[in-house]
Amino acid sequence: MKAFLMDRDQDFDLQRELPLNEPALTQDLGLNLLLNAMAFGDQFIFEVARKTVLSSLNNLDAILYRQDILKDCLTNSAIIRDIHEIATQSIDSIKKHYYWFSGKYPSSTLYSSVEMMETLVGFLRKLKNIAEEHIDKFESAGFAKFFAMLNKELSDEYFAIVQDHLRELKFRGGVLISAELGRGNKGTNYVLRKLHDRKQSWRERIFTKKPAYTFRIANRDEIGARALSELRSQGINLVANALAQSAEHILSFFNMLKTEMAFYVGCLNLHDLLAQKEEPTCFPLPVAPGERREHFRGLYDVCLALSLNQRVVGNDLNADDKDLVIITGANQGGKSTFLRSIGLAQLMMQCGMFAPAASFCANLCDGLFTHYKREEDVTMTSGKLDEELSRMSSIVDHVRANSLLLFNESFAATNEREGSEIARQFISALLEKNIKIFFVTHLHQFAQDFYDRKMENAIFLRAERQADGGRTFKIIKGAPLETSYGQDLYNSIFKTDN
Amino acid sequence: MNDIRPMAFLSILFASSEDSIKTEAVEMPAFFLDLNLDQIIDAIVAGKQEYNLKPFFYTSLGNIEAIKYRHEIMQELENEVLFENIKSFSKNMHLMRVYLTQVDKLYYKYQKERMFLDAVSIYCNAINCLVHDLSLVDLKSRGFLAFREYLGNYAESTPFTSLLAETKKLIDDLLSVKYCLLIKGDTVQVRKYESEIDYSVEVDKTFEKFKQGAVKDYRAEFSEGLTMNHVEARVLDFVAKLYPDIFSNLDDYCAKNADYLNERISIFDREIQFYVAYLEYVAKFRRTGLKFCYPQVSQECKEVFDFEGYDLALANKLINENTSIVPNDFYLKGKERIFVVSGPNQGGKTTFARTFGQLHYLASLGCPVPGKEARLFLFDRIFTHFEKEEKLNNLRGKLQDDLVRIYDILSQATPNNIIIMNEIFTSTTLKDAIFLSKAVMEKIIQLDLLCIFVTFIDELASLSEKTVSIVSTVVPENPALRTYKIVRRPADGLAYALSIAEKYRVTYDYLKERIKS
């Protein structure tokens, strides 16, 4: 029995390795804000969300599979939270009530397993009831299969068989064990046997009267009692193991269910928060990695939205068929926010979530990388350009065709001419390798150089600046400008009117 | 008719009963320690204590026939197939003995009887396998041919075939026994198995649909020991009641077959280990490229030689340390009888002396010896005299000790002996030493026996046509580097003295330089 609610045909692996640039991504995109909103205080949901958001899916079908399930979740949120609750409770009740047994004493292993199994069967019944009652409300392939599986595997007859076993395994009629003669005629191959029905054996006793010999361990014979209990243990060893393992399997099933539901509950949490702020969300339209798509309306930085009280400014863009997007313009004009919103939307799309936009369409990327200007190296071990280029070099170790690279004021650690030259060489090479690039820069020479080339696959954006120097935080199309209006900023802060 | 029939089988170690060891309590020969033969034999028999092989390795053979008998068998056993056959026979016989030991150790009757039955079964199997294996080998040695004949006859004899049949039947019967225990509270019911279904499988099947991934193994482990407690013993008694025929057959069987073991085959199992042990030991040296050969052994000819020989004890040590050993050649021809060994210290003189002794001793056991090709003398005694630590509680002086000991040797020695003297008379003046050594040497020359005389006295090297001077050598360009090569060369003490002096930086030039004015 498998939930398969995260992927069509495999369990969600909570131990998976995250991409090597996970720390940079988390820091540069402010991911923890997003994850905390999803977790809503639940550390487990945080962890599942982190693993999911950072491990992008690379094929369209897998993304659409999750999108469909998420759509079901949004329309049936109460049921989803119920299922999550059942899974969570089942695990907690086992944790609370049973110590994991050592395996040294089969009878105690069996006793604990029977009790544990009785508890777990109760939760399986609850789950099955939900499936039976609500199957019609779900449309996604994932839930249809999941509920159908529960209805099929957990039939009433099945529960009856399980109950029988759990009763039988208390061995009220004694333990029947078959054996053969091993080395030195010592008993071996102890196998637990099912007692024939009492009626039958009664009849047999009357009609055939097969020979049988009985002895009793004397009251004070402690060694004998121990020996007998060891014989019994050898008989029930395998069944105790089988039952304990089965209980563990069912527990893993609930664990997996809890894990997979955690992601969707996280999405519900985030969705609720954004809805309260009246921020729009949409299901993004992913296209194949080889294509170049990037068009959206009202795309906003979801992390900024979560940390502000008012609504945030959304941007519109059509950068379809572009490999290179260069963004220049005013300080504090929303360039970094814009770049971050691109990265976050990409990650959210590629894990099957909704996107923070009115509409969003982009090609999948094979690896997302960020290169942001960092604070001065406090350890004094290497110069700033050293540090920057060494980070760049480790990124280069991992990028491949159709990766997406977000540069934020890279190569600014040296003067403009040198920085521009490094950037120029760098970007030219990446483009030839089919890598998609968003580049926020103050390096005018570099931006101008690319602008003059009039490349078909490049687009130039600018932070909007009104004639009076005021900022709209909108990013619009526009050629690079010589100045970045630092003076504006200075003036705004120092309030020095002309 | 008797000519084409193989000889009657007596022993795989001895061609005739006169050659056999007279007692198991053979002491280690006196010269073993000096020649490091104790180390060699200990290494050979290591891990084979149960066969008590040392008496065989402590006893030289007295005639060429006996040696040839062993050579044939040893050479035959160098056939890997045959060697493995014998090994697997020994393994079975060993297992049989382990089972028999258990019979004594166990307490309950039906356990003892079953272990005995299994021991006999292993024995029968060992015999039949060996009969089969030997039939596939093209045997040539008289010893193995006779043994095969004997073994084949035994295996076809009625006592053996009926033992085999009885054993097999009884084991099959016991294996077919299947019973059930019904344990309820403190009572146990024992009855025959009536095809009740395996309940663990059913439980497993019921929950199969939940299988997720690897899970813990919750099975408890139970002791694999053979001993039973009294509850198991009572169960077994009841099982015996459920199957009365089988168990009464078992009782009869054990009473009847107590003396099942054929003594001569049992002796073969022990004696063949002499060869197995030696060949396993030899294999270790061959793996590193060192050679072994079957020497010509003679009771008359003293023109002995060995090419690429080496000290086995030392080689063993060096192999363990992963360093290589330097083999040496020697030969005596015509009237030559005595090697006078001189040369720098630690150049391999003692090693050479030991090698000479070891080669002769191992040859006298009928074993292959270190070297590419060899002719050795079948001595009747070996005398050795190696310098010993001075004992404080010894009232006589060391020189006196030496002389008493040498007197003993020379008064017993005959031309058929080998004498190995290593650095005697070091505890007196050079003049005395020369005098005494010459006197001893004269005696030895008169006796016309084979001798190694390791000495620092150059004059001894050219006393007679019977002496051959050999010296340990160093590399001329680097006198500090020892080669461990022993070569025939006149003893030219000076050159070596100088090279040793240079090695210790006590030459004129060195001293001028080192001693500050």
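Modeller: Chain B folds into 18 helices and 14 strands, and keep in mind that what you're looking at is a predicted model. Of the 517 residues in chain B, 37% are buried. Take the contacts in chain B between residues at least 6 apart in sequence: 74% of those join residues at least 24 apart.

How far does the predictor trust this? The average pLDDT for chain B is 86, and 87% of the residues score at least 70. Residues 390–395 of chain B stay under 50, and the model has 2 contacts for them beyond four places in sequence. Residues 500–508 of chain B are also below 50, with 11 contacts beyond near neighbours in sequence. For the complex, the predictor gives an ipTM of 0.72 and a pTM of 0.68.

Now to the side that meets the partner. Here 57 residues of chain B are in contact with 60 residues of chain A. The elements of chain B that give two or more residues to that side are helix H6 (109–135), strand S1 (178–184), strand S2 (187–192), helix H9 (199–206) and helix H10 (230–242). H10(B) supplies the largest share, 9 residues. Sorted by type, the residues on this side of chain B come out as 29 nonpolar, 10 polar and 18 charged.

Look at the strands there, too. S1(B) runs antiparallel to strand S1 (residues 175–181) of chain A, and 6 bridges join the two. Within that pairing, Lys178(B) in S1(B) stands opposite Glu180(A).

Another helix to look at is H2 (residues 37–45) of chain B, whose buried residues are Leu37(B), Ile40(B), Ile41(B), Ile44(B) and Val45(B). They cover an arc of only 120 degrees around the axis, which puts them on the same side of H2(B). In chain B, they pack against helix H1 (32–35), helix H3 (54–57), helix H12 (263–287), helix H13 (312–320) and H14. Just after H2(B) comes Gly47(B), which takes a positive phi of about 80 degrees.

Finally, zoom in on Leu365(B), in the loop between helix H14 (349–364) and strand S8 (369–370) of chain B. Leu365(B) counts as buried because it has 21 C-beta neighbours inside 10 Å. Leaving aside residues up to four places away in sequence, Leu365(B) touches Phe57(B), Ser60(B) and Leu61(B). Tyr58(B) is 307 residues away from Leu365(B) along the chain, yet their C-alpha atoms are separated by 8.7 Å.

Technical notes: Residues are numbered from 1 along each chain as its sequence is written. Chains are lettered from A and ligands numbered from 1 in the order in which they are written. This is a predicted model: local features need pLDDT of at least 70, side-chain atom pairs count only at pLDDT 80 or more; totals for chains, interfaces and linings use all residues. pLDDT is the predictor's confidence in each residue, from 0 to 100. Two residues are in contact if their C-beta atoms, placed from the backbone, lie within 7 Å. Helices (H or I, at least four residues) and strands (E, at least two) are DSSP runs, numbered from the N terminus. A residue is buried if 20 or more other C-beta atoms lie within 10 Å of its own, exposed if 12 or fewer, and partly exposed in between; C-beta atoms are placed from the backbone. Ala, Val, Leu, Ile, Met, Phe, Trp, Tyr, Cys and Pro count as nonpolar, Asp, Glu, Lys and Arg as charged, and the others, Gly among them, as polar. Two strands pair if DSSP finds at least two bridges between them. The arc is that of the directions from the helix axis to the C-beta atoms.
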